[in-house]
There are 2 protein chains.
Amino acid sequence: MQRKSFGQMVCPIARSLERVGEWWSILILRDALHGLTRFDQFQSSLGIAPNILTRRLDALVEAGLLERRRYSERPPRYEYVLTARGRDFRPVVVALFAWGNKHFAPEGASVLLVNTKTGDAVDPILVDRATGRPIKEPEYAFAAGPAASERTRRKYASANRATVPGKQDSITADGKRTKQDSITADGKRTARKRTAK
Amino acid sequence: MQRKSFGQMVCPIARSLERVGEWWSILILRDALHGLTRFDQFQSSLGIAPNILTRRLDALVEAGLLERRRYSERPPRYEYVLTARGRDFRPVVVALFAWGNKHFAPEGASVLLVNTKTGDAVDPILVDRATGRPIKEPEYAFAAGPAASERTRRKYASANRATVPGKQDSITADGKRTKQDSITADGKRTARKRTAK
């Protein structure tokens, strides 16, 4: 793998990526969240080589996302069950699902998220748990937290001049948002460019 | 890369993974969502080798997530600006962020998602856009959509016997949920195991 260890980065996104390791891991978690637990189930669902599947399952156990559990004594057989940490990965899978369905399903949806009681297809969105308001710019943005290094503080301080209204100049105030939203519709590129560092 | 092309899979999650290609791509998108646009900004943020960064940026342009735009005529200089499709990736980044902060920040949060008006830290959750209800099992589940292949239909039909209440047997009815939630707390493994196919 041609990358440094993301686990050394303080960014929680980078650290998450370190734990799920590569694409197969996300698809294994997807299947585990669908209820699959056994080696042959994952193999049949993914069409993955057994040695790679073994390695990925071991890595997910190591990272605390799956737990290996014996389900048969003779012969000894194991299954892989999501831990609380693994189940908490569901929003990432749902967000990937929604993005893929919106942008990469030209023939229509092969998979839907449904309300199991009504059968209605559901559009999942991220909201602020406390207020129920959708997580959108510029109302919400990433910022340095209490454990941030000096480098992280500087990074977010400069990033937020581009997203927090009124901190830098008038181009970043609320009015800018309209221009940024329309960037692909009407070619108003200049406004966006000026907000970048 | 030791994998087949996920783009051939009909699953929207697999297709999404095909487009973002590898971890660097997600971190580049993270930085682009923070407002970075220029090669040297990405390079300095990520500590990534220039040839790898070039390849990743080209792939993201190719996949329609970034647009390459000249910002200086002499010398010719380009920046990389998120398209609508690229901006739509934000919920995936936010979901990864929330998961990473919850599970992989033992020293405290280096990064927070904040309400930019109040400064309050925000806990992002996925809800049903129409009803505002949190996306949780067993109320919400993936199911085969109108464009699903026979294989996909079979897959979700069997997966949903484990998640949709009352479709298989009493162990999968609402009462099961409680047992599954407590799986790491009280060792009630048997109930969970029996719901797997």
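**Close-up views of a predicted two-chain model**

**View 1. Strand β4 of chain A meets strand β4 of chain B.** In this predicted model, strand β4 of chain A, covering residues 124–128, is joined by five bridges to strand β4 of chain B, which also covers residues 124–128, and the two strands run antiparallel. Within this pairing, Pro124(A) is placed opposite Asp128(B), a residue of β4(B).

**View 2. The two copies and the axis that relates them.** When chain A is laid on chain B, a turn of 180° with a shift of 0.0 Å along the axis gives an RMSD of 0.0 Å. The two copies are therefore related as by a two-fold rotation axis. Among the C-alpha atoms of chain A, that of Leu126(A) is nearest the axis, at 2.2 Å from it. Both copies use the same surface, since 100% of the contact residues of chain A recur in chain B.

**View 3. The contact between chain A and chain B.** Chain A gives 97 residues to this contact, and chain B likewise gives 97 residues. On the side of chain A that touches chain B, the largest share comes from α6(A), which supplies 13 residues. Sorted by class, that side of chain A holds 53 nonpolar residues, together with 23 polar and 21 charged ones.

**View 4. Helix α6 of chain A.** This helix runs over residues 90–103 of chain A, and its 14 residues reach 20 Å from the first C-alpha to the last, which is close to the 20 Å expected at 1.5 Å a residue. Because 13 of the 14 residues of α6(A) are buried, the helix is largely enclosed by the rest of the structure.

**View 5. The surroundings of Ile26(A).** Ile26(A) belongs to helix α2 of chain A, which spans residues 23–33. If its neighbours within four places in sequence are left aside, Ile26(A) is in contact with Val20(A) and with Leu17(B). Ile26(A) and Leu96(A) are 70 residues apart in sequence, while their C-alpha atoms are 10.0 Å apart in space.

**View 6. The domains of chain A.** Chain A is divided into domain 1, covering 12–87, domain 2, covering 91–124, and domain 3, covering 126–197. Taken over C-alpha atoms, the centres of domain 1 and domain 2 of chain A are separated by 23 Å.

Note on methods:
Residues are numbered from 1 along each chain as its sequence is written. Chains are lettered from A and ligands numbered from 1 in the order in which they are written. This is a predicted model: local features need pLDDT of at least 70, side-chain atom pairs count only at pLDDT 80 or more; totals for chains, interfaces and linings use all residues. Helices (H or I, at least four residues) and strands (E, at least two) are DSSP runs, numbered from the N terminus. The expected span of a helix is 1.5 Å times one less than its number of residues. A residue is buried if 20 or more other C-beta atoms lie within 10 Å of its own, exposed if 12 or fewer, and partly exposed in between; C-beta atoms are placed from the backbone. Two residues are in contact if their C-beta atoms, placed from the backbone, lie within 7 Å. Ala, Val, Leu, Ile, Met, Phe, Trp, Tyr, Cys and Pro count as nonpolar, Asp, Glu, Lys and Arg as charged, and the others, Gly among them, as polar. Two strands pair if DSSP finds at least two bridges between them. Copies are superposed by least squares on the C-alpha atoms of residues with pLDDT of at least 70 in both. Domain bounds come from an automatic or database domain assignment.
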